[in-house]
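Open the model in your viewer and keep the sequence panel beside it. This tour tells you what to select next and what you will find there.

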Amino acid sequence: MIPRYVKIAVGVLFAGVLLMAAYLWHMRGKAAQTETRTADKRPVAPPVAGPTEQVILYVADDDPGILRTESSRIPLPGGRQQRAQELLRAVLSIYLQKNSPHPLGVGADIRDVYIVDPGLAVIDLNSAFLDGHRSGVLVEELTLASLVQTLAGNIPGINRVRILVEGKQRATLAGHVDLSNAYDTPAVARLSQELASTPQ
């Protein structure tokens with residue numbers, strides 16, 4: 001016959017196991033909720049006012065190592081700077097999707113775009129864009145070509161593009177592509193054609 005104190009000890013241990021299992025189940029549910037809430041850290045932009053227009057986005061595709069064009073209809077405001085921001089945010093929205101062809105880090109965003117006459121566009125990225133960007137010559141070139149070509153292909157008169165981060169100049173995108181100078185859009189267009197016609 002099993003002594004009474006052994007039965008009590010087994011009962012207490014069994015109750016402890018059940019309580020621990022219930023606590024772990026509760027904590028797992030809370031962790032899943034927290035992960036869902038923090039998945040997208042981009043600030044919520046106000047809705048864009050303006051007619052929907054057909055645009056051509058230049059989208060990087062890492063698997064074949066190419067830049068492809070994608071036709072899209074997006075609402076665009078009247079001002080050139082606001083149009084530029086919305087065009088680049090449309091490209092970023094593709095990159096921030098779950099099955100992105102060119103994934104960017106969580107929270108990557110365009111802070112602002114300035115159109116400076118004559119023909120200079122300045123793209124101001126947030127720090128999360130660079131902090132979460134993967135390092136590699138091709139990956140960085142695809143990002144740069146995608147942003148520059150999307151602007152130059154949809155906004156006439158842009159012939160140079162400079163990239164800043166949080167309003168300041170940075171040396172490289174992620175260790176390879178130089179950000180210290182403005183990029184000539186015809187030169188980037190030639191690079192984009194090479195990337196489109198010669199899969200890596």
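The stops below run from the whole chain to single residue pairs.

**Before you click**

This is a predicted model, in which local features need pLDDT of at least 70 and side-chain atom pairs count only at pLDDT 80 or more, while totals for chains, interfaces and linings use all residues. Residues are numbered from 1 along each chain as its sequence is written, and side-chain values use heavy atoms, with hydrogens and water left out.

**Stop 1: the whole chain**

Color by pLDDT, the predictor's confidence in each residue, from 0 to 100. The protein chain averages 85, and 89% of the residues score at least 70. Among the elements, helix 1 has the lowest mean pLDDT, 78. Strand 4 (residues 120–125) has the highest, 95.

Now switch to cartoon. The protein chain has 5 helices and 6 strands. Helices (H or I, at least four residues) and strands (E, at least two) are DSSP runs, numbered from the N terminus. From that end, the order is α-β-β-α-β-β-α-α-β-β-α.

Of the 200 residues, 38% are buried. Buried means under 20% relative accessible area, exposed means over 50%, and partly exposed lies in between (1.4 Å probe, protein chains only). The chain exposes about 11600 Å², with 58% of it from carbon and sulfur atoms. Accessible areas come from the Shrake-Rupley method with a 1.4 Å probe; for residues, only the protein chains shown count as cover.

**Stop 2: helix 1**

Select residues 4–38, which are helix 1. Val 6 sits in this helix. Val 6 is partly exposed because its relative accessibility is 30%.

**Stop 3**

Select residues 52–61 and 66–75, strand 1 and strand 2. They pair in the antiparallel sense over 10 bridges. Two strands pair if DSSP finds at least two bridges between them. Pick Ala 60: its bridge partner in strand 2 is Leu 67.

**Stop 4**

Which strands come next? An open sheet of 4 strands runs in the order 3-4-5-6, with mixed pairing. Strand 3 (110–116) and strand 6 (183–184) stand at the edges, each with a single partner strand, so one side of each is left without a neighbour in the sheet. Strand 5 (residues 160–165) pairs with strand 6 in the antiparallel sense over 2 bridges. Val 161 has Tyr 183 as its bridge partner in strand 6.

Zoom to Tyr 114 in strand 3. Tyr 114 is partly exposed, at 35% relative accessibility. Leaving aside neighbours within four places in sequence, Tyr 114 is in contact (heavy atoms within 4.5 Å) with Gln 81, Leu 120, Ala 121, Val 122 and Asp 124. The C-alpha atoms of Tyr 114 and Ala 84 are separated by 8.4 Å.

**Stop 4: helix 2**

Select residues 80–95, helix 2, and pick Gln 85. Gln 85 is buried, at 14% relative accessible area. Not counting residues up to four places away in sequence, Gln 85 touches Asp 112 and Val 113.

**Stop 5: salt bridges**

How many salt bridges does a search of the whole structure find? There are 8. Each is a side-chain nitrogen of Lys or Arg within 4 Å of a carboxyl oxygen of Asp or Glu.

- Arg 83 and Glu 53: the closest N and O atoms are 2.9 Å apart. Arg 83 lies in helix 2 and Glu 53 in strand 1, so the pair ties together parts that are 30 residues apart in sequence. Arg 83 is buried at 18%, while Glu 53 is partly exposed at 25%.
- Asp 61 and Arg 68: the closest N and O atoms are 3.6 Å apart. Asp 61 is buried at 16%; Arg 68 is partly exposed at 28%.
- Arg 134 and Asp 62: the closest N and O atoms are 2.7 Å apart. Arg 134 is in the loop between helix 3 (127–131) and helix 4 (137–154), and Asp 62 is in the loop between strand 1 and strand 2, 72 residues apart.

Last, select Asp 61, Arg 68 and Glu 70: salt bridges that share partners join them into one network.
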